[in-house]
Amino acid sequence: MIRLELMMGLDIPDAGTVTETMFDEFIRSDIAPHLDYATIIDGVGLWKGTREDCKILVIMAAESDQQMLESVLRQIGKAYAKAFRQDSVGLVCTPNVPMELIKWSKSSTLTPLMIWSVNLSDQTR
């Protein structure tokens, strides 16, 4: 598996920040039409020595899809940079990432956990 990440800062130079509404619209117009799935994480980064909130789009995929997905993410990154006047958008590709898909079914059972508690006020010194 390969992990691809697109890091998008939320500060707009001399114009405030990208709001949740603005980012949701960007998802609808520029991300969702090109990707069947992704995870978007809120993050905090540094840009030119200044703290900046960001969104990190993460995709896990087969390594055979790497070139296609890199191309798609570059297009999304360019669209984001243009829409929100960004100096740049970060793209990270990490190969050979182990991943397991965990599925639940009605026949799945959970192992109960034993929880121990100690009442410290009952202890003598």
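Which side chain does the side chain of Glu5 make a polar contact with? It's the side chain of Arg3, at 3.0 Å, where a polar contact is a pair of N or O atoms within 3.5 Å (within protein, one must be able to donate a hydrogen and the other to accept it, and residues adjacent in sequence count only if both atoms are side-chain atoms).

A quick note on what you're looking at: this is a predicted model, so local features need pLDDT of at least 70 and side-chain atom pairs count only at pLDDT 80 or more, while totals for chains, interfaces and linings use all residues. Residues are numbered from 1 along each chain as its sequence is written, and side-chain values use heavy atoms, with hydrogens and water left out.

**View 1. The overall layout runs β-α-β-β-α-β from the N terminus on.** The protein has two helices and four strands; helices (H or I, at least four residues) and strands (E, at least two) are DSSP runs, numbered from the N terminus. Of the 125 residues, 27% are buried. Here buried means under 20% relative accessible area, exposed over 50%, and partly exposed in between (1.4 Å probe, protein chains only). Take the contacts with a separation of 6 or more: 68% of them come from residues 24 or more positions apart, a contact being heavy atoms within 4.5 Å. The accessible surface comes to about 9,400 Å², and carbon and sulfur atoms own 55% of it. Those areas come from the Shrake-Rupley method with a 1.4 Å probe; for residues, only the protein chains shown count as cover.

**View 2. Glu5 and Arg3 meet in a salt bridge.** The N to O distance is 3.0 Å; a salt bridge is a side-chain nitrogen of Lys or Arg within 4 Å of a carboxyl oxygen of Asp or Glu. Side chains of opposite charge can pair when their charged atoms come close. Glu5 sits in strand β1 and counts as buried because its relative accessibility is 16%. Arg3, at 28%, counts as partly exposed. Leaving out residues up to four places away in sequence, Glu5 touches Ile56, Leu57, Val58, Gly90, Leu91 and Val92.

**View 3. Strand β3 pairs with β1 and with β2.** Strand β3 covers residues 50–61, and nine of its twelve residues are buried, so the rest of the structure largely encloses it. With β1 (residues 2–9) the pairing is antiparallel over eight bridges, and Arg3 has Met60 of β3 as its bridge partner. With β2 (residues 39–47) the strands also run antiparallel, joined by nine bridges; there, Val44 stands opposite Asp53. For the record, two strands pair if DSSP finds at least two bridges between them. Asp53 also forms a salt bridge with Arg51, with the closest N and O atoms 3.0 Å apart. Asp53 is partly exposed at 33%, whereas Arg51 is exposed at 52%.

**View 4. Lys48 and Asn96 both take a positive phi of about 55° although neither is a glycine.** Lys48 belongs to the hairpin of β2 and β3, which has two residues between the strands. Its relative accessibility is 67%, so Lys48 counts as exposed. Asn96 lies in the segment after β4 and is exposed too, at 61%.

**View 5. Gln86 is a buried loop residue.** Beyond residues up to four places away in sequence, the contacts of Gln86 include Gly9, Ile12, Pro13, Glu52 and Tyr80.

View 6. Glu70 is buried at 14%, while Arg74 is partly exposed at 45%. Elsewhere, Glu20, Asp42 and Lys55 are linked in a network of salt bridges.
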